[in-house]
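Dear colleague,

I am handing over the structure below, together with an account of what was found in it. Please read the notes with the sequence and the model open beside them.

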Amino acid sequence: MKITTQRDLIRTAPKRWRNTYEPFNNDQPLFSVRNGHSDQLSKREIADELDKLDLESATPSDVADIIGNESWTRITCDQCKKEVTAVLQVGERRDYESATANLCRKCVEHVYPHLFENSKAHSIRK
Ligand SMILES: [Zn+2]
């Protein structure tokens, strides 16, 4: 279990980008939902631009302007499906096929008082 914030995603975006795309074999501009094709940078250019960011003050929008979409800094609660700025991540470490759930503060606080309410599971003794 760990808390993941949007700032964490901004701080790790340059490294995650390079981990995903280096070496930059096909260095053509990417298609971008935000910028279209003609105004979009190549994967290598994106890596260089991400390296220039001040990761403590950059906004999600700054990252999206470079990459071309919001997915690299977007955090969504897996329970209520809302976009939030921080989540409690439970289960396996997040990967493409991991059993991981992101829960927003509101959902965690909503369920917490009711955990094990109608269950004896927590009091079973061996
Ligand atoms: Zn939620």
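This is a predicted model: local features need pLDDT of at least 70, side-chain atom pairs count only at pLDDT 80 or more; totals for chains, interfaces and linings use all residues.

Overall composition

The chain has 126 residues, of which 13% count as buried. Its secondary structure comprises four helices and five strands. Read from the N terminus, the order of these elements is β-α-α-α-β-β-β-β-α. Among the contacts with a separation of 6 or more, 50% are made by residues 24 or more positions apart.

The pair of helices H1 and H2

Two packed helices are described by the angle between their axes and the distance between the axes. Helix H1 covers residues 6-21 and helix H2 residues 43-52; their axes come within 9 Å and cross at roughly 160°. Angles over 145 degrees count as roughly antiparallel, and H1 and H2 are therefore roughly antiparallel to each other. Their crossing is left-handed.

Which residues meet where H1 and H2 are in contact? From H1 come Ala13, Pro14, Trp17, Arg18 and Tyr21, and from H2 come Lys43, Ile46, Ala47, Leu50 and Asp51.

The C-alpha atoms of Arg16 and Ala47 are 9.7 Å apart in space, although the two residues are 31 residues apart in sequence.

The nonpolar core

The largest nonpolar core consists of nine residues, namely Ile10, Ala13, Trp17, Ile46, Leu50, Val63, Ile66, Ile67 and Trp72. Two or more of its residues are given by each of H1, H2 and helix H3 (60-67). Leaving aside residues up to four places away in sequence, Ile46 touches Trp17, Leu41, Ile66 and Ile67.

The loop between H1 and H2

Gln28 and Gln40 are 12 residues apart along the chain, and their C-alpha atoms are separated by 9.4 Å. Pro23 is found in the loop between H1 and H2 as well. The peptide bond that joins Glu22 and Pro23 is cis, with omega at about -5°.

Residues with positive phi

Where in the chain does Lys81 lie? Its place is the loop between strand S2 (75-76) and strand S3 (83-84). Lys81 is not a glycine, yet it has a positive phi of about 70°. With 8 other C-beta atoms within 10 Å, Lys81 is exposed.

A positive phi is also found for Phe116, a residue other than glycine, at a value near 60°. Phe116 is in the segment after helix H4 (105-111). Is Phe116 buried or exposed? It has 9 C-beta neighbours inside 10 Å, so Phe116 counts as exposed.

Points to look at in the model

- The left-handed crossing of H1 and H2.
- The core of nine residues, including Trp17, Ile46 and Trp72.
- The cis peptide bond between Glu22 and Pro23.
- The positive phi of Lys81 and that of Phe116.

With kind regards

Key: Residues are numbered from 1 along each chain as its sequence is written. A residue is buried if 20 or more other C-beta atoms lie within 10 Å of its own, exposed if 12 or fewer, and partly exposed in between; C-beta atoms are placed from the backbone. Two residues are in contact if their C-beta atoms, placed from the backbone, lie within 7 Å. Axes are lines fitted to C-alpha atoms, for helices over the stretch in contact, and angles run from 0 to 180 degrees between N-to-C directions. Angles under 35 degrees count as roughly parallel, over 145 as roughly antiparallel, 65 to 115 as roughly perpendicular and the rest as oblique. A crossing is left-handed if the near helix is turned anticlockwise from the far one by less than a right angle, and right-handed if clockwise. A nonpolar core is a set of buried Ala, Val, Leu, Ile, Met, Phe, Trp, Tyr and Cys residues joined through C-beta atoms within 7 Å.
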